[in-house]
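Have a look at the structure, then read on.

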Amino acid sequence: MEKLANIDLNLLVVFDLLYQEQNTQRVALRLGITQPAVSHALKRLRHLLEDELFERTSQGLQPTPRASRLHPGIADALARMNDTLNLCDDFNPAMSDRTFHINMTDIGEIVFLPRLLQHLSHQAPGVSINTVRSHHNDLKHEMEEGEIDLAVGLIPQLGAGFYQQRLFVQRYVCLMRQDHPLAAGKFNLEDFRAAHHAVVVARGTGHGIIEEQLAHAGVVRPVRLTLPHFAAVPYIVSSSDLVVTVTSKLAEATQARFRLAVREHPLAFPEIPINLFWHRRFHQDPGNRWLRGLMFEMFSE
């Protein structure tokens, strides 16, 4: 029994063409090689398969009975290999039912998903989005394995092995109800210190930088509520006197719906880069390329 590892697959291509053409010169022309090279390949095939395979007759090279038995299976295998190697690399979003997994925070869900899902409902109605939370080494591993397609945010741990693309830079502002006493007029650092605050401690995200900056500047303010996420913030501040420091994107997305006021923050914070990340294993994946291209087109500034 011959092992496939011991067979030069190019010999099988020569065998298939010899069976079709029954002439070494025509096979040489089709392959772009010399006639002696075809004859040498046939010699190797004869040795490998222990059969003459083709005999010269007045009608040209005619297959032996063994060659006739071998040819259908070899021709079918070569055709399937050719089809596999030439699979279309295009991704058709209109016809796809793929589910994409994106690592993002609750702010990301509020900022990205409404517009993204609206677009998908028209252009890719079968495509689904699954948002996930994964941190540090878990995130790296899950993206390496293809369990997470894209990640969005400030994620410095995604270094070697990952591509990234800038979407925008994030500013921080103060959010409060529209008729809050501080919603109009001056709003300086003393006003900020005196106000009652809600604070979001979102572990594993870039928002911890804000509390670090406030502490470094010696800014102490009365905190009346601490939350682990941002999703509830608009509901809470719209019906209370609390002031909260949030991203400008969250403020823009919720200001009108919840009748909120947005004030420039009295303390200068560094702008936070928000990037799109993907693992290099999937850099050429057609679906991944389509989704990250779409997100860049829709949200980059």
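**Starting at Glu142**

Skipping its neighbours within four places in sequence, Glu142 is in contact (heavy atoms within 4.5 Å) with Ser134, Glu147 and Ile148. Bear in mind that this is a predicted model, where local features need pLDDT of at least 70 and side-chain atom pairs count only at pLDDT 80 or more, while totals for chains, interfaces and linings use all residues. Residues are numbered from 1 along each chain as its sequence is written, and side-chain values use heavy atoms, leaving out hydrogens and water.

**More on Glu142**

- Glu142 belongs to helix α6 (residues 136-144); helices (H or I, at least four residues) and strands (E, at least two) are DSSP runs, numbered from the N terminus.
- Glu142 counts as partly exposed because its relative accessibility is 23% (buried is under 20% relative accessible area, exposed over 50%, partly exposed in between, with a 1.4 Å probe and protein chains only).

- Five strands make an open sheet with mixed pairing, in the order β4-β3-β5-β12-β6; two strands pair if DSSP finds at least two bridges between them.
- β4 (128-132) and β6 (162-170) are the edge strands with a single partner each, so one side of each has no neighbour in the sheet.
- Strands β5 (residues 150-153) and β12 (residues 272-279) run antiparallel, joined by three bridges, and Ala151 stands opposite Phe277 in β12.
- Helix α5 (residues 106-123) lies across β4, β5 and β6, at about 170° to β4 (axes are lines fitted to C-alpha atoms, for helices over the stretch in contact, and angles run from 0 to 180 degrees between N-to-C directions).

**Nonpolar cores**

- The largest nonpolar core has 57 residues, and Phe112, Val246, Trp290 and Met295 touch the most other members; such a core is a set of buried Ala, Val, Leu, Ile, Met, Phe, Trp, Tyr and Cys residues joined through side-chain atoms within 4.5 Å.
- Apart from that one lies another core of 21 residues, including Ala28, Leu61, Ile74 and Leu78.
- In soluble globular proteins, nonpolar side chains tend to be buried together.

**Two helices packing**

- Helices α1 (residues 9-21) and α4 (residues 65-85) pack at about 120°, with axes 10 Å apart.
- Among the residues that meet there are Leu12 and Phe15 in α1, and Ile74 and Leu78 in α4.
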